[in-house]
Amino acid sequence: MSKTAVSAAQAPSPALGKRIVDLGIEYNFIVIFLAVVVVATTLSDNFLTFTNIANLFQQAAVVGVVAVGMTFVILTGNIDLSVGSIVALCGMLVAVLMSNGVDPFIAVAITVLAGTACGAAMGATSALAQVPSFIVTLAGLVSFRGITYLLTDGVPVSGLPKGFAAIGSTMVPILPGFAISSMGLIFIGLCILAGLVLRLTVFGEYVFATGGNPEAARLSGLPTRLIVTSVFAVSGFMAALGGILLTSRLRIGQPTAAQGLELDAIAAVVLGGTSLFGGRGGVLGTFFAVMLLQVLRNIFNLLGLGSFYQMTVTGIIIVAAILLNRFIDHRKGRG
């Protein structure tokens, strides 16, 4: 065989190179995350340590859990602005119940049901009355926050059972010398479960179909109104869990908690590649986006930089991610 033929055989296939580039563009959130991790490791020796990694997962857990629920909602082309208020409401509710002698397991169950009901009510209102979810959940944002203050006249609730407080502080050994908080494990477990539901179940197919083309889905016989109600119920359920985790971590029911959390959750979902118009995205992107935002906050803290820098850089990254996702849509002929 000639040298030319050998060189041609050993040269990488143009098709393979194009495929690698396409994968890098499609999963840009992973590429961006890894790039930021490399930069963070270079900037601070304390970043890539077991202690700091465990801290990252603990700090990201509440927003991450809420963002998982938000992913379901945005995949249908809707949005939920009320999740921050539901987190605060459910965090206060579980604290009030336990402070009045209710068993922690029963208090958690009641709280989860309450959060799910709040989400389902807004989803049903939007779907049945044909009112944009932005308007319905904006009303929910205000109303649920008001109910939160009414529960105790705005006074925080303390004196929670030690067993409940352990949820937010327990460290679970994973490797020799490395442990992760139970909150972090809950976040990871919910991401895996939600990803399987979206990709392997009929409900997940219906969610993507409803977001991709609601009218076509309806004409095909899909119960689109029920699906929209269901994804809001999922969002309310996740927000309730987020409120429970936050109260456990703070060891106090705080009515002012989670203000602006809905923006963090929406930012993570969009940054992770889920289209605001619905029908495209998933939990994998949301997971990496949540961790990316937390890494940014963490590295700014390690470097001793103020929150203004964090807000500015985070905003730039979110805008860049949206523009990149729009570029991917045009590249694939989606709009």
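These legends describe close-up views of a predicted model.

View 1. Glutamate 215 is partly exposed, at 41% relative accessibility. Arginine 218 is also partly exposed, at 45%.

**View 2. A salt bridge links arginine 297 to aspartate 264.** The closest N and O atoms of the pair are 3.3 Å apart. Arginine 297 is part of helix H14 (residues 283-303) and aspartate 264 is part of helix H13 (residues 261-271), so the contact ties together parts that lie 33 residues apart in sequence. Aspartate 264 is partly exposed, with a relative accessible area of 27%.

**View 3. Cysteine 118 and cysteine 191 are shown with cysteine 90, the cysteine closest to each by sulfur position.** A search of the whole structure finds zero disulfides. A disulfide requires two cysteine sulfur atoms within 2.5 Å. The sulfur of cysteine 118 is 6.1 Å from that of cysteine 90, which is too far for a bond. For cysteine 191 the distance to the sulfur of cysteine 90 is 19 Å, again too far for a bond. Cysteine 118 is buried, at 15% relative accessibility, and cysteine 191 is buried as well, at 9%.

**View 4. Glutamine 130 and aspartate 153 have positive phi values although neither is a glycine.** Phi of glutamine 130 is about 55 degrees. This residue sits in the loop between helix H6 (104-129) and helix H7 (133-152), and counts as exposed at 57% relative accessibility. Phi of aspartate 153 is near 60 degrees. Aspartate 153 is found in the loop between H7 and helix H8 (162-165), and is exposed at 70% relative accessibility.

**View 5. Strands S1 and S2 form a hairpin.** Strand S1 (residues 171-175) pairs with strand S2 (residues 178-181) in the antiparallel sense, over four bridges. Leucine 175 stands opposite phenylalanine 178 in S2. Two residues lie between the strands, and glycine 177 in the turn has a positive phi of about 85 degrees.

**View 6. The largest cavity has a volume of about 40 Å³.** The model contains two cavities of 30 Å³ or more. Lining the largest cavity are Val87, Ala88, Gly91, Met92, Gly243, Leu246, Thr247, Leu250, Ile252, Gln254 and Ala257. Helix H5 (83-99) and helix H12 (224-250) each give at least two residues to this lining. By class, the lining residues are seven nonpolar and four polar, with no charged residues.

**View 7. The second largest cavity has a volume of about 30 Å³.** Ala60, Val63, Val290, Leu293, Gln294 and Arg297 form the lining. Helix H4 (50-75) and H14 are the elements that contribute two or more residues. H14 gives the largest share, four residues. The lining comprises four nonpolar residues, one polar and one charged. Arg297 in this lining is also the salt-bridge partner of aspartate 264.

Methods:
Residues are numbered from 1 along each chain as its sequence is written. This is a predicted model: local features need pLDDT of at least 70, side-chain atom pairs count only at pLDDT 80 or more; totals for chains, interfaces and linings use all residues. Side-chain values use heavy atoms; hydrogens and water are left out. Buried means under 20% relative accessible area, exposed over 50%, partly exposed in between (1.4 Å probe, protein chains only). A salt bridge is a side-chain nitrogen of Lys or Arg within 4 Å of a carboxyl oxygen of Asp or Glu. Two strands pair if DSSP finds at least two bridges between them. On a 1 Å grid over the protein atoms alone, a cavity is a set of points where a 1.4 Å probe fits but cannot get out, and a pocket is an open set with protein on both sides within 12 Å along at least five of seven lines; lining residues have an atom within 4 Å of a point. Grid points are joined across faces, edges and corners, and a volume is the space filled by probe spheres set on the points. Ala, Val, Leu, Ile, Met, Phe, Trp, Tyr, Cys and Pro count as nonpolar, Asp, Glu, Lys and Arg as charged, and the others, Gly among them, as polar.
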